[in-house]
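Look at the model first, then read on.

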Amino acid sequence: MTKKDKSLSHAFEPGRQADFIVEYLNGSDRPPDDPVERWIVLEGHHLREWTGESNYRDEIVKFLNDMFSRPGFGWRRVATSIGNYYDIKSQLNLERPLSPAEAKPIPAFNAALELFSLGLLDRIRRCAHEECSKWFYAKLAYQRFHSDECRSAALAADPGRKQRRAKYMRENRRTKKNLALARKKGGKKP
Ligand SMILES: [Zn+2]
């Protein structure tokens, strides 16, 4: 199957991978230096805190290469004999047995790799309402809160919000009025 076929097949749904990662991140028994969380946090910094001078690219590259060299996270090619011939396969690098704590992040890490290949890894975010801070999958690029409740609660707690809202309403009324006037003037058009 070519890469193109794969992206068209139903087996490659970002939602499924995302739900899996979110469930994992919101779970309780993750290792303290969880590589899945580390990668997603770095990806978020890299994309959203771009200053034009420095970024997190080099740190992410180093981190990923370190991960790929770990047993259970990286793949290697292995040649095997089959009857009179031989075959070459890619195998998970398992040079030593993994402890349950080491093995735990692997499925979520693999799901993160798939989401990355779709350019959607940064959509895994933490709810910006501090009292919540749940992990969620942002269906929209600008989404910062995991629910409407968290959005309302965070905005209600923001002291500058009332003034900004009042200003917006004022300008919105003015715009609507101007639009109505413009419509009236041009009202003879078919
Ligand atoms: Zn929330």
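H3 passes H4 in a left-handed crossing. The model is predicted. H3 spans residues 35-48 and H4 spans residues 57-68. Their axes cross at roughly 160 degrees. An angle over 145 degrees counts as roughly antiparallel, so H3 and H4 are roughly antiparallel to each other.

Which residues in H3 meet H4? They are Pro-35, Arg-38, Trp-39, Leu-42, Glu-43 and His-46. On the H4 side are Arg-57, Glu-59, Ile-60, Phe-63 and Met-67. By class, this contact of H3 with H4 has six nonpolar, one polar and four charged residues.

H3 also packs against H6, residues 106-117. Here the axes cross at roughly 25 degrees, which makes H3 roughly parallel to H6. Pro-35, Val-36, Trp-39 and Ile-40 in H3 meet Ala-108, Phe-109 and Ala-112 in H6. The contact of H3 with H6 has seven nonpolar residues, with no polar and no charged ones.

The two pairs are set out below.

| Pair | Axes come within | Crossing angle |
|---|---|---|
| H3 and H4 | 10 Å | roughly 160 degrees |
| H3 and H6 | 9 Å | roughly 25 degrees |

Now H3 itself. This helix has 14 residues. From first C-alpha to last, H3 reaches 20 Å, close to the 20 Å expected at 1.5 Å a residue. Its buried residues are Pro-35, Val-36, Glu-37, Trp-39 and Ile-40. What covers them? The cover includes helix H2 (14-26), H4, H6 and strand E3 (124-126).

Methods: Residues numbered from 1 in each chain as written. Predicted model: local features only at pLDDT ≥ 70, side-chain atom pairs only at ≥ 80, totals over all residues. Axes fitted to C-alpha atoms, helices over the stretch in contact; angles between N-to-C directions. Helix = DSSP H or I, 4+ residues; strand = E, 2+ residues; numbered from the N terminus. Parallel < 35°, antiparallel > 145°, perpendicular 65-115°, else oblique. Left-handed = near helix turned anticlockwise from the far one by under 90°. Contact = placed C-beta atoms within 7 Å. Nonpolar A, V, L, I, M, F, W, Y, C, P; charged D, E, K, R; others polar. Expected span 1.5 Å × (residues − 1). Buried ≥ 20, exposed ≤ 12 C-beta atoms within 10 Å, placed from the backbone.
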